[in-house]
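Hi,

Here's the structure I said I'd pass along. Have a look at it first, and then read my notes below.

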Amino acid sequence: MAGFDLGLVTPHGTGVVVPTIYAEQAINAKWQALGGSPGASLHGTGADTLIEVAGGYRRSYANGSIYTRRNIVNNDWQFNPFFVGLATDQRYDQLGGPTNSFLGFPVSDFEPDPNEPGSGVTRFEHGAIYFWP
């Protein structure tokens with residue numbers, strides 16, 4: 001599983017850590033790795049357009065959302081973003097998303113079922129959402 005280790009920076013010598021900038025970079029890198037398939041952002045781009053959720057961040061796109069949770073490993077911020085497709089993302093929201101559901105954060109992108117085209121699963125910290133057309 002690929003992660004994005006983006007370091008810990010205190011901008012302009014302020015001593016203030018701004019993890020949102022690194023979450024933005026991780027989400028953008030994920031979007032690019034997916035070839036732009038999540039579609040256009042629904043709220044624009046830039047670190048100030050991220051939605052903070054339960055110890056992480058979300059950016060909504062036309063075809064779903066990319067979520068990332070912030071972790072500190074060896075004094076560095078690390079983000080592991082995952083894409084949740086639109087139908088699964090809508091169900092995830094109905095269940096309460098990362099903030100109010102038992103599922104927690106995504107830990108995988110959509111994993112297609114090789115035996116049933118269009119079907120698959122997205123895994124979360126404490127469960128999964130299965131999708132079939």
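The largest nonpolar core has 10 residues: Tyr22, Ala23, Ala26, Ile27, Leu50, Tyr57, Tyr61, Ile66, Phe79 and Phe83. By "nonpolar core" I mean a set of buried Ala, Val, Leu, Ile, Met, Phe, Trp, Tyr and Cys residues joined through side-chain atoms within 4.5 Å. "Buried" is under 20% relative accessible area, "exposed" is over 50%, and "partly exposed" is in between (1.4 Å probe, protein chains only). Two elements give two or more residues to this core, namely helix 1 (19–33) and strand 3 (56–61). Helix 1 gives the most, with four residues. Helices (H or I, at least four residues) and strands (E, at least two) are DSSP runs, numbered from the N terminus. Apart from this core lies another one of eight residues, including Tyr67, Tyr92, Leu103 and Phe124. As background, nonpolar side chains tend to be buried together in soluble globular proteins.

Before you go further: this is a predicted model, where local features need pLDDT of at least 70 and side-chain atom pairs count only at pLDDT 80 or more, while totals for chains, interfaces and linings use all residues. Residues are numbered from 1 along each chain as its sequence is written, and side-chain values use heavy atoms, with hydrogens and water left out.

Now the charged pairs. A salt bridge here is a side-chain nitrogen of Lys or Arg within 4 Å of a carboxyl oxygen of Asp or Glu, and by this rule the count comes to six. The part I'd look at is a network of salt bridges that links Arg58, Asp89 and Asp93. Arg58 pairs with Asp89, with the closest N and O atoms 3.1 Å apart. That pair links distant parts of the chain, since Arg58 is in strand 3 and Asp89 in helix 2 (residues 86–95), 31 residues apart. Arg58 also pairs with Asp93, and there the closest N and O atoms are 2.9 Å apart. Asp93 lies in helix 2 and Arg58 in strand 3, so this pair ties together parts that are 35 residues apart in sequence.

Asp93 is partly exposed, at 37%.

One more salt bridge joins the side chains of Glu111 and Arg123 (3.0 Å, N to O). Glu111 lies in strand 7 (residues 111–112) and Arg123 in strand 8 (residues 120–124), so the pair ties together parts that are 12 residues apart in sequence. Glu111 is partly exposed at 30%, and so is Arg123 at 36%.

Strand 7 and strand 8 pair over two bridges, and Pro112 stands opposite Gly120 in strand 8. Strand 8 and strand 9 pair over five bridges; in strand 9, Ile129 is the bridge partner of Thr122. These two strands form a hairpin with two residues between them. Strand 8 is mostly covered, with four of its five residues buried.

Last, helix 2 again. Thr88, Asp89 and Tyr92 are buried in this helix. They cover an arc of only 100° around the axis, which puts them on the same side of helix 2; the arc is that of the directions from the helix axis to the C-beta atoms. For background, an α-helix has 3.6 residues a turn, so residues three or four places apart point the same way. The buried residues of helix 2 pack against strand 3, strand 4 (64–73), strand 6 (82–85), helix 3 (97–100), strand 8 and strand 9, where contact means heavy atoms within 4.5 Å. After helix 2 comes Gly96, whose phi is positive, near 115°.

Cheers

Definitions and conventions. Pairing = 2+ DSSP bridges.
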